[in-house]
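Visitor: I have a structure open on my screen and would like to learn how to read it. Could you walk me through a few features?

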Amino acid sequence: MSRSIKYIQTDVNGAAEGQRRRVAIIGAGLVGSLAALNFARMGNDVHLYEYREDIRTAELVQGRSINLALSQRGRKALAAVGLEEQVLATAIPMRGRMLHNVRGRTSIVLYDPCTKQCLYSVGRKQLNEVLLNACDAFPNISCHFEHKLTTANIREGQMQFKVAHEEQLISTSADLVVGCDGAFSSLRQQLVRTPGFNYSQEYIATGYLELCIPAKNGEFQMPPNYLHIWPRDSFMMIALPNQDKSFTVTLSMPFEVFAQLKTHQQLLDFFRQHYMDALPLIGEEQLIKDFFKTRPQHLLSVKCKPYHFADKALILGDAAHAMVPYYGQGMNAGMEDVTLLTSILNEQLPLDEALAKFTESRWQDAFAICDLAMYNYVEMRDLTKRLSFRCRKWLDTTLFRLFPRQWVPLYNSVSFSSMPYSQCIANRQWQDRLLHKTLSFSLLASCLVAGAIYARRLR
Ligand SMILES: Cc1cc2nc3c(=O)[nH]c(=O)nc-3n(C[C@H](O)[C@H](O)[C@H](O)COP(=O)(O)OP(=O)(O)OC[C@H]3O[C@@H](n4cnc5c(N)ncnc54)[C@H](O)[C@@H]3O)c2cc1C
């Protein structure tokens, strides 16, 4: 039986009263820094350990995607710590998808023509900076940059870190260790060794590489308020706007297609054939430089359960449920983990019960969004081009307009609501069944009417 923890809600600057728990958070990325804020607001003594140098002072920020689509779940989590407005002030709204066909012609599919909700393009670095600056305002958060977790004994709460420029590993301990250390989480590796921990991972055969459409004469080269997509069946390219009026372009293709592009000429021919309108915007020289500068990155989907070990350890965000990036939900889902965890911790259950409740309340939704992210890859690269996709979108929008409570389209429920992800799937399934039945019934009725008319004519 674990000791019961007295969590005291404090104001933002609050000096917490009552029992303080030492909480070690591994990873000061988007989820780790948000989790640190929430644990600190509950009066805990928080230590935030980050492998890299401080992103705010680093000259070169390595890592994944430069910008991200922020939607409802992430916004809600930021609002809970008073940061939503600050983040949205510099974010760029994206009202829909702008589709580019092979001839360079564009068409627009709005995300939400009814209630006009949109996604927001935010810079990863800027968002992380906002969160870390907010951490600095808490006297009960200590940030330790360039500290890489190497081993952890989760039963004892013991950890060892490799510190930059230091020979010796340093050892420390905590009452609760929270792994927010991303898709290749070191803490998860420790959990894998505990009995009853189930884990699966899947690499997809597609890799991605980031390119850039720079600003021209201080202006965007394409309309900024859209997520641009170049769907090309088995591969695609997308672009999100940045504050400096450039676009970050993500080229996603099977690794074998990347491997075929060995020379400058092959690359340019490929772009002339598939992305003719994007090529002059990126610029031939820049394309060659950026494309051959790095190798395509791998994409991974991780499902595991439980997310906790007794009252000692917990994993959140990508550490618990990495997903392919095609629903734009990885960060949003990770932030929603923090919202859910905070509300459970505020129930003041014994910690082991609270963490067990978190796992139980979360795993089905985490599995669901991993599956949806896989599905959306097919939708983005292939289905968006099809007439059937547009017809379905039109039908969904019409029904949503008529029955806004009953008929929430899948994309809206995932991106613009906090409906549990598994419920979003269940919702879509009954909508599909209903449409299927209605369509079958209409077809049958039309056949019967046509048959009756024909029979009368024969008489
Ligand atoms: C190309 C691409 C595009 C994406 N687009 C979107 C999008 O539009 N919207 C969206 O919601 N999501 C998107 N995502 C997903 C999103 O990036 C992740 O879900 C999100 O970054 C997860 O945050 P995290 O804090 O859990 O993990 P991470 O961001 O990976 O942060 C983990 C942190 O832990 C640190 N760390 C790792 N190991 C250790 C260690 N041993 N010791 C100490 N520190 C450690 C790392 O340095 C890092 O700072 C995208 C992902 C990719 C790859």
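Predicted model: local features only at pLDDT ≥ 70, side-chain atom pairs only at ≥ 80, totals over all residues.

Visitor: Which rings should I look at around Tyr411?

Guide: Ring pairs join Tyr411 with Tyr111, Tyr327 and Phe416 in a cluster. In total, the structure holds 16 aromatic pairs. Take Tyr111 and Tyr411: their ring centres are 5.0 Å apart and their planes lie at 5°, so this pair is stacked.

Visitor: Where do Tyr111 and Tyr411 lie in the chain?

Guide: Tyr111 is in the loop between strand S6 (106-110) and strand S7 (119-123), while Tyr411 belongs to helix H14 (residues 410-415). The pair therefore ties together parts that are 300 residues apart in sequence. Tyr111 is buried too, with a relative accessible area of 3%.

Visitor: And how are the rings of Tyr411 and Phe416 arranged?

Guide: Here the angle between the planes is what to read: over 60 degrees counts as edge-to-face. The planes of Tyr411 and Phe416 are at 70°, with ring centres 6.2 Å apart, so the pair is edge-to-face. Phe416 counts as buried, at 9% relative accessibility.

Visitor: Which charged residue lies over the face of Tyr411?

Guide: That is Arg97, at 5.2 Å from the ring centre of Tyr411. You can find another charge over a ring at Trp363, where the charged end of Lys305 sits 4.3 Å from the ring centre.

Visitor: Let's turn to strands. How do strands of a sheet pair?

Guide: They pair through backbone hydrogen bonds, either parallel or antiparallel. For a case here, look at the open sheet of three strands in the order S9-S10-S11, with antiparallel pairing.

Visitor: Why is one side of S9 and of S11 left without a neighbour in that sheet?

Guide: Strand S9 (147-153) and strand S11 (170-173) stand at the edges and have a single partner strand each, so one side of each has no neighbour in the sheet. Neighbouring strands of the sheet are turned by 30° against each other on average, direction ignored. Between S9 and strand S10 (residues 158-163) there are six bridges, and Ala152 stands opposite Met159 in S10.

Visitor: Which strands pair with S7?

Guide: Strand S3 (residues 67-70) pairs with S7 over four bridges, in the antiparallel sense. Strand S4 (residues 92-94) is also antiparallel to S7, with three bridges.

Visitor: How many residues of S7 are buried?

Guide: Four of the five are buried, so S7 is largely enclosed by the rest of the structure.

Visitor: One last stop, in a loop. Which residues is Asp54 in contact with, leaving aside its neighbours within four places in sequence?

Guide: Asp54, in the loop between strand S2 (45-49) and S3, is in contact with Leu132 and Phe145.

Key: Residues numbered from 1 in each chain as written. Heavy atoms only, no water. Pairing = 2+ DSSP bridges. Helix = DSSP H or I, 4+ residues; strand = E, 2+ residues; numbered from the N terminus. Axes fitted to C-alpha atoms, helices over the stretch in contact; angles between N-to-C directions. Phe/Tyr/Trp six-rings, centres within 6.5 Å; stacked < 30°, edge-to-face > 60°. Buried < 20%, exposed > 50% of the residue type's maximum accessible area, 1.4 Å probe, protein only. Lys NZ or Arg CZ within 6 Å of the ring centre and 35° of its normal. Contact = heavy atoms within 4.5 Å.
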